[in-house]
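Hi everyone, thanks for coming. Have a look at the picture going up now, and then I'll walk you through it piece by piece.

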Amino acid sequence: MGASMERIGIRTDTIQLDQFLKLAGAVPTGGAVKQLMLENRILVNGVPETARRKKLSPLDVVTLRLDGGEEEYQAVREE
């Protein structure tokens, strides 16, 4: 019943959470990220996150709790 994890390549040492979710195609805008945070639907490494600009590093896992289930995205370093 676990979500499948999609790996998203990043070319920098860190990436902001809102930019990461847009890169992953998980949200259309930063405003959508804000709304999901207000509803406690975004977790980073299993912990609810409220900072849109939180810095993610390679291997961090972002979980979106959506009505249809959970989606997971992992940042991976891309050379």
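Predicted model: local features only at pLDDT ≥ 70, side-chain atom pairs only at ≥ 80, totals over all residues.

**A walk around the sheet**

Let's start with a hairpin: S6 and S7 are joined by one, through 2 residues. When I say strand, I mean a DSSP run of E with at least two residues, while a helix is a run of H or I with at least four, and both are numbered from the N terminus. Residues are numbered from 1 along each chain as its sequence is written, and side-chain values use heavy atoms, with hydrogens and water left out.

Okay, back to the strands. In which order do the 5 strands of the open sheet sit? The order is S1-S7-S6-S3-S4, and the pairing is mixed. At the edges you find strand S1 (5-10) and strand S4 (47-48), each of which pairs on one side only. Two strands count as paired if DSSP finds at least two bridges between them.

Now we can go pair by pair. S1 and S7 pair in the parallel sense, over 6 bridges, and here Ile10 stands opposite Arg77 in S7. S6 and S7 run antiparallel and are joined by 6 bridges; look for Arg65, which stands opposite Glu70 in S7. Strand S3 (residues 42-44) and strand S6 (residues 61-66) also run antiparallel, with 3 bridges between S3 and S6. In that pair, Val44 stands opposite Val62 in S6.

Let's stay with Val44 for a moment. Is Val44 buried or exposed? Val44 counts as buried, because its relative accessibility is 5%, and the rule is that buried means under 20% relative accessible area, exposed means over 50%, and partly exposed is in between, using a 1.4 Å probe and protein chains only. Leaving out residues up to four places away in sequence, Val44 touches Leu17, Glu49, Lys54, Leu56, Val61 and Val62. Touching here is a contact, meaning heavy atoms within 4.5 Å.

On to helix H2 (residues 30-38). The buried residues of H2 are Gly30, Val33, Leu36 and Met37. They cover an arc of only 115° around the axis, so they sit on the same side of H2. That arc is taken from the directions that run from the helix axis to the C-beta atoms. Among the things covering those buried residues are helix H1 (17-23), S3 and S6. Just after H2, Asn40 takes a positive phi of about 55°.

Next, charges. A salt bridge here is a side-chain nitrogen of Lys or Arg within 4 Å of a carboxyl oxygen of Asp or Glu. How many salt bridges does that rule give? The count comes to 5.

One of them brings together the side chains of Glu78 and Arg11, at 3.2 Å from N to O. This pair links distant parts of the chain, 67 residues apart: Glu78 is in the segment after S7, and Arg11 is in the loop between S1 and strand S2 (15-16). Glu78 is partly exposed at 32% relative accessible area, whereas Arg11 is exposed at 65%.

Then there's a network of salt bridges linking Glu39, Arg41 and Asp67. Between Glu39 and Arg41, the closest N and O atoms are 2.9 Å apart. Arg41 also meets Asp67 side chain to side chain, at 3.0 Å from N to O. Arg41 lies in the loop between H2 and S3 and Asp67 in the loop between S6 and S7, so this pair ties together parts that are 26 residues apart in sequence. Asp67 is exposed, with a relative accessible area of 74%.

Last stop: Glu72, in strand S7 (residues 69-77). Glu72 is buried but has no salt bridge, and the nearest side chain of opposite charge, Arg7, is 8.7 Å away. For charge, Lys and Arg count as positive and Asp and Glu as negative, with His and the chain ends not counted. What joins the side chains of Glu72 and Thr63? A polar contact of 3.4 Å does. That term means a pair of N or O atoms within 3.5 Å; within protein, one must be able to donate a hydrogen and the other to accept it, and residues adjacent in sequence count only if both atoms are side-chain atoms.
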